[in-house]
Amino acid sequence: MGSNPTSSAMNSEYEAAMRVALEQAELAAVAGDVPVGAVVLHEGKIIAARHNEREVTNDPTAHAEVLALRDAASALETWHLDECTLVVTLEPCIMCAGALLNARVKTLVFGAADLKAGATSSLYNVCADPRVNHNPVVIHGVLHNESAVLLKNFFELKRAGN
């Protein structure tokens, strides 16, 4: 992010938003779902905060990012989220990357990379594809360790049968 004041302020804003996303991720884990949380920022304020709800709703599309984008669109009364930032604990999958592209999200910020399903830098990079009509800024690694540890602990408990 660099050392200029704007970058430091934005980094601080993203870290604060990521902490809220991490709290959301913990709620997903409690419900037995993969601990992913997402928030949407508009003009520096959180307008949506959600977590994975696939297990609770039996809905394969109930990823934190999709739910947060839906809530943000509802709050702003438009699907055009071109002045919004999506902050998520785990790199978005193909479905979620497609949703944020379709919503015209300005900036994506994520914590942990997803080497098996990540679609914004790890496995694929749809946000930088010159063939799509919108390419958001992608910032990765914000509170990476906190996000990665939450996921690691969740899957270790799952493998242990808890």
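Which residues line the second largest pocket? The lining consists of Met 10, Glu 13, Tyr 14, Leu 41, His 42, Glu 43, Gly 44, Glu 83, Cys 84, Thr 85, Lys 106 and Thr 107. The model is predicted, with local features requiring pLDDT of at least 70 and side-chain atom pairs pLDDT 80 or more, whereas totals for chains, interfaces and linings use all residues. Residues are numbered from 1 along each chain as its sequence is written, and side-chain values use heavy atoms, without hydrogens and water.

A pocket is an open set of points on a 1 Å grid over the protein atoms alone, where a 1.4 Å probe fits, with protein on both sides within 12 Å along at least five of seven lines; lining residues have an atom within 4 Å of a point. Two or more lining residues of the second largest pocket come from each of α1 (5–30), β1 (37–42) and β3 (84–90), and α1 gives the most, with 3 residues. In the largest pocket, 15 residues form the lining, and Val 34, Leu 90, Glu 91, Asp 114 and Ala 117 lie nearest the centre.

| Pocket | Volume | Lining residues by class |
|---|---|---|
| Largest | about 330 Å³ | 8 nonpolar, 2 polar, 5 charged |

Helices α3 (residues 64–76) and α4 (residues 94–102) pack at about 20°, their axes 9 Å apart. The two are therefore roughly parallel, a term for angles under 35 degrees. Their crossing is left-handed, the near helix being turned anticlockwise from the far one by less than a right angle. Glu 65, Val 66 and Leu 69 of α3 meet Met 95, Cys 96, Ala 99 and Leu 100 of α4, contact being heavy atoms within 4.5 Å. These contact residues comprise 6 nonpolar, no polar and 1 charged.

Definitions and conventions: Axes fitted to C-alpha atoms, helices over the stretch in contact; angles between N-to-C directions. Helix = DSSP H or I, 4+ residues; strand = E, 2+ residues; numbered from the N terminus. Parallel < 35°, antiparallel > 145°, perpendicular 65-115°, else oblique. Nonpolar A, V, L, I, M, F, W, Y, C, P; charged D, E, K, R; others polar. Points joined across faces, edges and corners; volume = space filled by probe spheres on them.
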